[in-house]
Amino acid sequence: MTAQALAAQPQAHGSFTTGQLQKRTPYLVLGLTIAAVTAIAGLLSSASGTAINFAAVAVLAAVTYLAAITTLSAAVEGRRRALDRLVTGIVTLAFLVAIVPLVSVTVEVITLGSNRFDAEFFNSSMRNISGAGGGALHAMVGTLLITLAATVISVPFGLLTAIYLVEYGRGKVAKIITFLVDVMTGIPSIVAGLFAYALFAIFFGPGVRMGIVGAVALTVLMVPVVVRSSEEMLRLVPNELREASYALGVPKWLTILKVVLPTAIAGITTGIVLAIARVIGETAPLLLTAGFTTSMNYNLFEGRMQSLPVFVYTQYANQGNPASAFIDRAWAAALALILIVMALNLIARLVAKYFAPQQSR
């Protein structure tokens, strides 16, 4: 058969040669689906005399849209493209469902926390305050001091453990340490608080409540996170850098100090900051170990020390008169805690960007 005859024959249309929906078609289908479902829900609610259930409308609209766009795509584009659009729609729907609680909590905390987010809240404590007024300065100071002490204790232990596992650890000892770190990663926070309380009760007697006890409890929670994050960052350092250093006669400890750590410092710092953000909102261990108070306390080794999570709990649990004042203070403290965690995450990103090794082009 000649080439002209082959060219004259009609071409078969497979899944890769079929038509294609316009870019605005999915959005048009989505809009029509939402409008139709909302109209039907409105008619049903008018007939029954009840309000529209917007959650049910959203679910029904999502299911209807997925069915409509998949059917339309299968008719125009073929089965492969239709399946791709279906999976894309399901993934997008899952993402939207996942961020709904986050957005809801954020809006709720900002709305209710702004009622007492004023200067008095940040420059006064709850000493001699039984009703309205007062602030959470003592809780903020306690949170910063306890978290700082926990960071000072946990970072050296965690970083040195990670260095041992990556650079020196071999055999059963390294496997046992890795197993214990994995176990510590999943322990409940209240168990860490019980451990710290029992440890200090041996020396100071039952009923001990101090800021340093809370710092030790947070250390138990921070160490496995620091170990895991630092270990992963150290393993990402190319072995060629180590071998080049050894070839120049540099001892192993100095290679780790001058080559390995500077290369991985961005990821290590990010992991440390994220570990701080993970423990700064713990309530149960601090309630058990540091207790709560209404006065300022700058000494970690003497007396009870308030923290923001415990402050939120006590304001809700021990509401006085008027109850709205206690609730407003709790929401304001929750907003302050969220802002602190957000600031720590931003610092982690900036540190990672600043210390990241510059790659040559």
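**Entry 1: the nonpolar patch**

I began with the surface of this predicted model and looked for nonpolar side chains that group together. I found a nonpolar patch made of Phe-117, Phe-122, Ile-338, Leu-339, Met-342 and Leu-346. Together these residues have about 500 Å² of accessible area. Which helix gives the most to the patch? I traced that to helix H14, residues 323-355, which supplies 4 residues. Phe-122 is found elsewhere, in helix H5, residues 119-123.

Phe-117 has a relative accessible area of 31%, so I noted it as partly exposed. Phe-122 comes out at 32%, and is also partly exposed.

**Entry 2: aromatic pairs**

Next I searched the whole structure for ring pairs and got 4 aromatic pairs. In one of them, the ring centres of Phe-117 and Phe-122 are 4.9 Å apart with the planes at 90°, so I logged the pair as edge-to-face. Tyr-316 and Trp-331 also make an edge-to-face pair, because their planes stand at 75°, with the centres 6.4 Å apart. Tyr-316 sits in helix H13 (residues 308-317) and Trp-331 in helix H14, so this pair ties together parts that are 15 residues apart in sequence. Tyr-316 is partly exposed, at 36% relative accessibility.

I also noted a cluster: Phe-117, Phe-121 and Phe-122 are linked by ring pairs.

**Entry 3: charges over rings**

Where does the charged end of Lys-252 sit? I found it over the ring of Tyr-168, 4.6 Å from the ring centre. For Arg-329, the charged end sits over the ring of Phe-326, again with 4.6 Å to the centre.

**Entry 4: salt bridges**

I turned to the charged side chains and counted 9 salt bridges. As a reminder to myself, side chains of opposite charge can pair when their charged atoms come close.

Asp-84 and Arg-81 meet in a salt bridge with an N to O distance of 2.9 Å. These two are 3 residues apart in helix H4 (residues 79-113), so about one helical turn separates them. Asp-84 is partly exposed at 37% relative accessibility, and Arg-81 is partly exposed at 34%.

The salt bridge between Asp-182 and Arg-228 has its closest N and O atoms 2.5 Å apart. Asp-182 lies in helix H7 (residues 171-185) and Arg-228 in helix H9 (residues 211-235), so the pair ties together parts that are 46 residues apart in sequence. Asp-182 is partly exposed at 40%, and Arg-228 is partly exposed at 23%.

Arg-278 forms a salt bridge with Glu-282, where the closest N and O atoms are 2.6 Å apart. Is Glu-282 buried or exposed? I have Glu-282 down as buried, because its relative accessible area is 14% and the cut-off for buried is under 20%. Arg-278 is partly exposed, at 35%.

**Entry 5: what the record says**

The unreviewed entry places "domain: ABC transmembrane type-1" at residues 140-348. In the model, that span is 78% helix and 0% strand, and its end C-alpha atoms lie 21 Å apart.

The unreviewed entry also places the feature "transmembrane region" at several spans, including residues 51-74 and 330-352. I checked residues 51-74 and got 88% helix and 0% strand, with 37 Å between the end C-alpha atoms. Residues 330-352 are 100% helix and 0% strand, and their end C-alpha atoms are 33 Å apart.

Definitions and conventions
Residues are numbered from 1 along each chain as its sequence is written. This is a predicted model: local features need pLDDT of at least 70, side-chain atom pairs count only at pLDDT 80 or more; totals for chains, interfaces and linings use all residues. Side-chain values use heavy atoms; hydrogens and water are left out. Patches are made of residues with over 30% relative accessible area and no salt bridge: like charges are joined within 9 Å, nonpolar side chains (Val, Leu, Ile, Met, Phe, Trp, Tyr) within 5 Å. Accessible areas come from the Shrake-Rupley method with a 1.4 Å probe; for residues, only the protein chains shown count as cover. A salt bridge is a side-chain nitrogen of Lys or Arg within 4 Å of a carboxyl oxygen of Asp or Glu. Buried means under 20% relative accessible area, exposed over 50%, partly exposed in between (1.4 Å probe, protein chains only). Rings of Phe, Tyr and Trp (its six-membered ring) pair if their centres lie within 6.5 Å; planes under 30 degrees apart count as stacked, over 60 as edge-to-face and the rest as tilted. A charge sits over a ring if NZ of Lys or CZ of Arg is within 6 Å of the ring centre and within 35 degrees of the ring normal. UniProt positions are given in the numbering used here, feature names are shortened, and annotations may be inferred rather than shown by experiment.
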